Structure formats: C-alpha cells, structure tokens
Amino acid sequence: MTDVGGAYALRRWLPLIAPAPGRDAPVHLQHAIHLASGDLGEHRLPWSSIMYPANVRYNACRSFGLDPDFGACAAEFDAAPLRTLQADLDRLDELPPSRIAAVIATLNCLSEQRLLPDIIERLPDGHTDRDGGMMWYQATRGLRQLGGYDEFVEDRLVRVGLESTPDVGLNSLIQLTSTYLRVARDADRARWSLESAEKALASLGSDTPFLNALLESRFHRVRALLQIRVGEPGPALSTMADCVRAADVATTLSAEMSSYSGLLAAENYKIVCESQMKLAGILRDADDLYHWATELIRVDPLDVMTWRHVGESLILIGATAAAGRVTLLFAAMGGHGIERLTGRLRETKAAVVSTPPSFDETLDRAALALLP
C-alpha cells in the first residue's frame, strides 16, 4: 500500500478505530460518539441499531499496526469518547443499568463484541424494568454476533421481550424475530415472536411519538423480512410501505429534537432504504432498485457497507457495468468482504441491463467526493 493509499485508508477507517467529533463518519459510527459520551438527548437509553460483524475494528487496528486498546487509540488519535468508554469499562460495577446499556451499545457499534462474554458475567440481575431490560437487550444482541450462544441469546431475548416494558420488549421481540429468520431459519417461531411484538406495539403509550414511530418502522421491516423468507414478496411491498410511512414520521419529529434523535431517524431511514433496495432486487424491479440505491448512497456514502449492499443488489438485476463501478468504490473504501462481491460479479448469469444516466451521475459524484 502506498503512503497516499495508506493514509486514505486510515482516514476512512479512523471513525471506527477512534471515533471523535469532527471526523467524517458513517451514520452508525456517529452514534458511537453519543453512546460513549452518554449524550442521548431526550432518551435515557440507547436505541441505536446498526452494528458491524464482530472484530471489524480489532482487525482494522491490526492491519494498520495499531494497538486496538481503547486507551491507546484515544491517546494516539485524541479520541475523547474512547477515554470515556475505557473509564466506564474500568468501573462497570459502579454504573447504573442505563449507563451499562449505553456502554455495551458502544461496543456493539464499534464491533467490539469480543469483550461481552466477560462483561456479561458482571451484569446485575434484573430485566423486567426498563433500564435493566435495555441493558440485557444490548448485551444479548451483541453476543449473537459472536456465535455459539444461540440458546442463551434466545432465552434472554424472549425474557426481555415478554417481561420488560412494552418499548424495550418490542425492540427485543423484533431482534428475536430477526434471529429466528437469519440464524435459526425457523419461520414458525418467527411468526410467534412477531405476534408477540405486534401486541407490544399496540400497548405503547402515547407520550413518546418519536420512539413509537421508530419502533413501528422496525416492526414493519422485520415483518416484511418474514414475508420475504416465506415466499411472499408481494405482501412485503405493502408492509414496507407502512415501514416507510413510520420512518417518515420519525424523521419529521426528529427535526425538533436532539441530535441523537436525528441520528436515530437517519439510521432508521438508511436501513429502510437498504431493505427497499434489496426487495426491489428480489422482485427484479430495476426502477425501484435504482431509486432506493440512490437514496441509500445519498444518506450514507461513507459507510463501506453501503457500497457492498448496492453492488449486490445491482448484480441481482444484471446491471453488471454499474455493479463493477460500485465494486471499485467498495474496494477503494477498504471493503470488508470484497471477495464475496467480486465472486458474485464474475458468476452472475443475469441479463446485462443498461444503467440510467441519473444513477451514473450519482456514482460519478460519489467517486469525486470519496476517492483520493
């Protein structure tokens, strides 16, 4: 790697390695700054959602010859959020469950789930209250990323889902439904957890309209995932329309709220764009796919996974020229899993289709903005 290329790659990965205010960062890594510092605005609890697979940060540090220790990175890159995170980890037993939840959410955001098995041994009992429920929800969803804890993860998500407060319980049941679909591949159990989630959704109070809209959007999204997995992409379209409507409500409400609420709305809309794009790919709806791919790139061009997901979706409709351009951007951004994307591109047997000029222009602008 050249000095220029190495410096560029480090700049792109620095928001994950050492998050700090003022750095250009993907949407979900902007959450890390708020979570680590405890700046959650109107929310006492962390409602952030996106997380990378385990160990991405650790491996990135190693690839650049850096010590992944939070304190070491905080000192080398002047990353105050990491200093706060390390201090809280050192005194974890003294923290209330609400703060422990935010600390664990930060680890999830930074792909540092490798630390969770030891942390879980130190967590206080109790998941039926709101703070304790969120603490165990964050710990359990992070543990899922490590693999090998399937029974524990299911048990905890069920307990929090059915026994904690409606909002935290709903979040846990949505995660449980996703786990049944993505890990266990069990549609029957997914239907059961989704039915329980629907009851929790119906029992949300009226005094938290932003959070209600956020959770409703997440509910519809996982419901659409179930419909897709059981071979019902048509109904999934209608469900995703409900998802978009709820996401739009959350976005509108967030305009008058804290920056953390704005990030929650932006993160949610980003996931909605990704889900809509993937559904369009399944249905081979090129117009819809290009629309949502353009939106996804607009919302979060700095996330390397944006380019991976866009590339995979373009391959589904046979847009190989555009997929090739996206793959180059993905690689230039330090793409994690580039072999998977290039392999799919080589093996695609779909009919080659042309790319709308407007999407080519989107890629041109992105290349000018992102590449060194």
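Modeller: This is a predicted model. We can start with a pair of helices, α14 (residues 259-282) and α15 (residues 286-299).

Colleague: At what angle do α14 and α15 pack, and are they roughly parallel or antiparallel?

Modeller: The axes of α14 and α15 lie 8 Å apart, and the packing angle is about 155°. Angles over 145 degrees count as roughly antiparallel. The pair is therefore classed as roughly antiparallel.

Colleague: Which class of residue has 10 members in the contact of α14 with α15?

Modeller: On the α14 side the contact includes A266, Y269 and M277, and on the α15 side it includes L289, W292 and L296. Charged residues take part as well, among them K270 and E274 of α14 and D288 and R298 of α15. By class there are five charged residues, two polar and 10 nonpolar. The class asked for is nonpolar.

Colleague: α14 also meets α13 (residues 233-254); how do these two helices run relative to each other?

Modeller: The axes of α13 and α14 come within 9 Å and cross at roughly 160°. The cut-off for roughly antiparallel is over 145 degrees. The two helices are therefore roughly antiparallel.

Colleague: How many charged residues are in the contact of α13 with α14?

Modeller: α13 contributes residues including L237, M240, V244 and D248, while α14 contributes residues including A265, Y269, V272 and L279. The contact has 12 nonpolar and seven polar residues. The count of charged residues is one.

Colleague: Are α6 (residues 97-109) and α8 roughly parallel or antiparallel?

Modeller: The axes of α6 and α8 are 8 Å apart, at an angle of about 20°. Angles under 35 degrees count as roughly parallel. That makes the relation of α6 to α8 roughly parallel.

Colleague: What is the handedness of the crossing of α6 and α8?

Modeller: In this contact I100, A101 and I104 are among the residues from α6, and M134, M135 and A139 are among those from α8. The contact divides into eight nonpolar, five polar and two charged residues. The crossing of α6 and α8 is left-handed.

Colleague: Which residues are closest to the centre of the largest pocket?

Modeller: Helices that each supply at least two residues of the lining include α8, α10 (166-184), α14 and α16 (304-316). The lining divides into 17 nonpolar, 10 polar and 14 charged residues. The residues closest to the centre are S178, R182, E274, K278 and H309.

Colleague: How many cavities of 30 Å³ or more are there?

Modeller: The largest cavity holds about 90 Å³ of space. A search of the whole structure gives the total number of cavities of 30 Å³ or more as three.

Colleague: Which helix gives the largest share of the lining of the largest cavity?

Modeller: The residues lining the largest cavity include R12, W13, L16, Y52 and M333. By class, the lining has eight nonpolar, no polar and two charged residues. The largest share is three residues, and these come from helix α1.

Definitions and conventions: Residues numbered from 1 in each chain as written. Predicted model: local features only at pLDDT ≥ 70, side-chain atom pairs only at ≥ 80, totals over all residues. Heavy atoms only, no water. Axes fitted to C-alpha atoms, helices over the stretch in contact; angles between N-to-C directions. Helix = DSSP H or I, 4+ residues; strand = E, 2+ residues; numbered from the N terminus. Parallel < 35°, antiparallel > 145°, perpendicular 65-115°, else oblique. Contact = heavy atoms within 4.5 Å. 1 Å grid on protein atoms, 1.4 Å probe; cavity = no way out; pocket = protein on both sides within 12 Å on 5 of 7 lines; lining within 4 Å. Points joined across faces, edges and corners; volume = space filled by probe spheres on them. Left-handed = near helix turned anticlockwise from the far one by under 90°.
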